[in-house]
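The sequence and the model are shown first.

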Amino acid sequence: MTPAAIPGEECPLGWEFYPFMGSLAIYLFLGVPVLLYWFWGIDDVYGIRKELLAVAITSMIGFFLYLIFMFLPSLRTVEKTFAAYVWGAITLVLIHTFFVIYPIYELRKSRQVRANAKNTQVFDKVLSDPVLFEDFKAFTIKDFSVENPLFYERCRKLRESVTHIPRFSAKVSLSNKQRIELRSMYDTFINPKSEFQVNLSSATIEELTKRFDSGELALNMFSRAEWEIHLLMYQNTFPRYLKYTSLTRV
C-alpha cells in the first residue's frame, strides 16, 4: 500500500502517523475538556488555574487549526506558503507567554505595589485589626503561605504576654510556661522537619538552633525571625492579597 501524501507536500504520510494523531486528538478534545471542568471551580490566587486553562484552550485551538490546514483540500494552496506546523509554533509561543512573560509582568506590578507608601499603611492596618488579620490568614491558606501569619501571630502574642518587654529587649527570667511556648514555636515553625516551617535566612535559623541547643532562651529570641516574616508577607503575600480583595480602597 502506498502511503498517503500530506496535502500540499511531497513527503508521504505513513500509517504510524494516524495512531499518534488519533491519540492526541482524543486527549485534546475529550481529556482536556474534562480537566477544564475540574479546574474551573478551583480558587487559586497564584493564577495557576488561569494559566492551565489558557494553555489547554490554546492547545485545542492550535491543534484544530493544524488539522484543518493539513487535511482540508481547499487550503492546499495556502498550506504551501503557510505550513500547518506553523500553528504548532504559534501555540508554543503563546504557552511561553502564559508561563513566562505574563508572570514577569505580574512581578513588576507587585513591585509597584510594594513601593506605594499607602499600601504600607494598609498592611499595618491589616496586621493590627483582628478582623482584617483573620481575613488575611484565610487568604494565605489559598496562597500556600499560612505558616507566615501563624508564626507572626504567635510572636506577637508572646511579646504581648509581658507588656513591659520591648520587641528587642534584653533577657529576662522565663517561666516554665514561656519556655514551653518558645520550644513549641521552634518545633512548629523553625525546625527543618516541621510541616509549617517558615522561610527564614540560614543565618537566622542557625542562630535560633544554637540558642535552643545551648538553652539560651529569651522572650525576644524570635525578634529577627519575626521581622523577616513581616517583610516576607509584605513583599510577597500582601500584593496578591490586595489584588484578591478590595483593600486598596480602605
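In this structure Asn148, Pro149, Phe151, Tyr152, Cys155 and Arg159 of H7 meet Ala225, Glu226, Ile229, His230, Leu232 and Met233 of H10, where contact means heavy atoms within 4.5 Å. By class, the contact of H7 with H10 has 8 nonpolar, 2 polar and 2 charged residues. Here Ala, Val, Leu, Ile, Met, Phe, Trp, Tyr, Cys and Pro count as nonpolar, Asp, Glu, Lys and Arg as charged, and the others, Gly among them, as polar.

The model is predicted: local features need pLDDT of at least 70 and side-chain atom pairs count only at pLDDT 80 or more, while totals for chains, interfaces and linings use all residues. Residues are numbered from 1 along each chain as its sequence is written, and side-chain values use heavy atoms, with hydrogens and water left out.

**Overall makeup**

The protein chain has 10 helices and 2 strands. Helices (H or I, at least four residues) and strands (E, at least two) are DSSP runs, numbered from the N terminus. Their order from the N terminus is β-β-α-α-α-α-α-α-α-α-α-α. Of the 250 residues in the protein chain, 38% are buried; buried means under 20% relative accessible area, exposed over 50%, and partly exposed in between (1.4 Å probe, protein chains only). Among contacts between residues at least 6 apart in sequence, 66% join residues at least 24 apart.

Buried residues in H7 are Glu147, Asn148, Pro149, Phe151, Tyr152, Glu153, Cys155, Arg156 and Leu158.

Phenylalanine 144 lies in the loop between helix H6 (130-142) and H7. Phenylalanine 144 has a positive phi of about 60° although it is not a glycine. Its relative accessibility is 60%, so phenylalanine 144 counts as exposed.

Axes are lines fitted to C-alpha atoms, for helices over the stretch in contact, and angles run from 0 to 180 degrees between N-to-C directions.

| Pair | Axes come within | Crossing angle |
|---|---|---|
| H7 and H10 (residues 223-244) | 10 Å | roughly 140° |
| H9 (residues 202-214) and H10 | 10 Å | roughly 150° |
| H8 (residues 176-190) and H9 | 12 Å | roughly 140° |

Angles under 35 degrees count as roughly parallel, over 145 as roughly antiparallel, 65 to 115 as roughly perpendicular and the rest as oblique. H8 and H9 are therefore oblique to each other. H8 passes H9 in a left-handed crossing, that is, the near helix is turned anticlockwise from the far one by less than a right angle (clockwise would be right-handed). Leu182, Arg183, Tyr186 and Ile190 of H8 make this contact with Leu208, Thr209 and Phe212 of H9. The contact of H8 with H9 divides into 5 nonpolar, 1 polar and 1 charged residues.

H9 and H10 are roughly antiparallel to each other, and their crossing is left-handed. Ala203, Thr204, Glu207 and Leu208 in H9 meet Arg224, Ala225 and Glu228 in H10. By class, the residues of the contact of H9 with H10 are 3 nonpolar, 1 polar and 3 charged.

The crossing of H7 and H10 is left-handed.
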